[in-house]
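Student: Could you take me through the aromatic pairs here in close detail, with the criteria behind each term?

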Amino acid sequence: MLDIPTPVIAYLLTFIVEELSLAYLLVKKDGCLSAWGGKLAAYGVSNLQAGEHITEQVFFLEGLLPLDDFPLFLPRMKTEYGICADVHLFPSEEGDWILMLDATRDESHKLLTQQQANEFSLLQEKLRKIFKQ
């Protein structure tokens, strides 16, 4: 394991929890919600009930659980509330963990980059037409 100084770990944990709005769910292999925490409200997730099936409560997880023995990463996934999150799913002995981290900045950057690329393509096309005349 990496030898990471305690202040660095503390900073990273604070950053992930506060800036990236860490939220988590723990789902048993039978699909029932076992535990949850973090900033779930930031993703529009509320009114959770332990023991109830997760897809009845968090619809965007439909068809993703239970996991096999491998983790799953879904970058910039939009929840049913339109909120963009990086979703990490990984199995453990307790069940399947779902971590959500705010990906709004990444999504905004991607959209800005796409917009600039589109504008550049339009400008290139315009210049081609001018040079052909």
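Tutor: Phe15 is partly exposed, with a relative accessible area of 29%, where buried means under 20%, exposed over 50% and partly exposed in between, using a 1.4 Å probe and protein chains only. This is a predicted model, in which local features need pLDDT of at least 70 and side-chain atom pairs count only at pLDDT 80 or more, while totals for chains, interfaces and linings use all residues. Residues are numbered from 1 along each chain as its sequence is written, and side-chain values use heavy atoms, with hydrogens and water left out.

Phe15 forms a stacked aromatic pair with Tyr11, at 6.3 Å centre to centre and 15 degrees between the planes; rings of Phe, Tyr and Trp (its six-membered ring) pair if their centres lie within 6.5 Å, and planes under 30 degrees apart count as stacked, over 60 as edge-to-face and the rest as tilted. Tyr11 and Phe15 are about one helical turn apart because they sit four residues from each other in helix α1, helices being DSSP runs of H or I with at least four residues and strands runs of E with at least two, numbered from the N terminus. Tyr11, at 55% relative accessibility, counts as exposed.

The rings of Tyr24 and Trp97 have centres 5.9 Å apart and planes at 50 degrees, so this pair is tilted. It links distant parts of the chain, with Tyr24 in strand β1 and Trp97 in strand β5, 73 residues apart. Tyr24 is partly exposed at 29% relative accessibility. A search of the whole structure finds two aromatic pairs.
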